[in-house]
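Please describe the fold, the packing and the charged side-chain pairs of the model shown here, with the cut-offs behind each term.

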Amino acid sequence: MSLDTPRIEDRPERLTAHEARQRLEHERNSRLTQLQAIAEAGQGAEEQMMSVQKDTIQRVLNEIEAAFTRLHDGSYGICRGCSTPIPVERLEILPYTRFCVPCQRTTT
């Protein structure tokens with residue numbers, strides 16, 4: 001590595017509460033927009049598929065709301081399976097996750 005090579009900053013171990021809140025709000029808004037689009041699509045041949053999508057979106061919204069609770073009580077970013085910090089990279093991708101990858105694999 002030469003002295004001219006820019007140094008890549010290390011990623012923080014945890015998201016700040018503000019960063020986590022922003023990611024969760026974005027996820028929640030996206031899911032609410034999806035639910036609104038499904039509601040506006042109305043009845044039709046794809047009604048069953050829409051119902052499954054709606055149920056899935058509602059489950060994710062419930063997970064997002066639970067993540068806001070964890071953020072408020074200080075347990076956000078801590079794996080519910082092994083009690084270790086969830087890597088920030090995982091929280092950036094899936095901000096409402098309750099588990100680290102190894103524990104997620106054992107719960108599904």
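Residues are numbered from 1 along each chain as its sequence is written, and side-chain values use heavy atoms, with hydrogens and water left out.

**Confidence and overall fold**

The mean pLDDT (the predictor's confidence in each residue, from 0 to 100) is 84 for the protein chain, and 82% of the residues score at least 70. Confidence is lowest in α1, with a mean of 88, and highest in α3, at 93. Where pLDDT is low, the predicted coordinates should not be read in detail.

The protein chain has four helices and zero strands, where helices (H or I, at least four residues) and strands (E, at least two) are DSSP runs numbered from the N terminus. Along the sequence this gives the pattern α-α-α-α. The accessible surface of the protein chain, computed by the Shrake-Rupley method with a 1.4 Å probe, comes to about 7800 Å², and carbon and sulfur atoms account for 52% of this area. Of the 108 residues, 28% count as buried; buried means under 20% relative accessible area, exposed means over 50%, and partly exposed lies in between (1.4 Å probe, protein chains only). Taking contact to mean heavy atoms within 4.5 Å, 55% of the contacts between residues at least 6 apart in sequence join residues at least 24 apart.

Helix α1 covers residues 17-41, and its 25 residues should span 36 Å at 1.5 Å a residue, which agrees with the 36 Å between its end C-alpha atoms; the expected span is 1.5 Å times one less than the number of residues. The buried residues of α1 are A20, L24, E27, R31, L35 and I38. An α-helix has 3.6 residues a turn, so residues three or four places apart point the same way.

A nonpolar core is a set of buried Ala, Val, Leu, Ile, Met, Phe, Trp, Tyr and Cys residues joined through side-chain atoms within 4.5 Å. The largest such core has 17 residues, and the members that touch the most others are L15, L24, I64, Y76, C79 and Y96. Helices α1, α2 (47-73) and α3 (88-93) each supply at least two residues of this core, and α2 gives the most, with five residues. Apart from this core lies another one, of five residues, including L35, I38, M50 and L61.

With residues up to four places away in sequence left out, L24 touches I64, A67, F68, L71, Y76, P95 and Y96.

**Salt bridges**

The structure holds four salt bridges, each defined by a side-chain nitrogen of Lys or Arg within 4 Å of a carboxyl oxygen of Asp or Glu. Three of them are listed here.

| Pair | N to O distance |
|---|---|
| R23 and E92 | 4.0 Å |
| E65 and R28 | 3.0 Å |
| R98 and E63 | 3.1 Å |

**Two buried residues**

R31, found in helix α1, is buried, with a relative accessible area of 16%. Leaving aside neighbours within four places in sequence, R31 is in contact with I57, V60, L61, I64 and Y96.

L91 lies in helix α3 and is buried, with a relative accessible area of 2%. Residues up to four places away in sequence not being counted, L91 touches L15, R23, Y76, G77, I86 and T97. The C-alpha atoms of L91 and R14 are separated by 8.5 Å, although these residues are 77 apart along the chain.

Terms used
Predicted model: local features only at pLDDT ≥ 70, side-chain atom pairs only at ≥ 80, totals over all residues.
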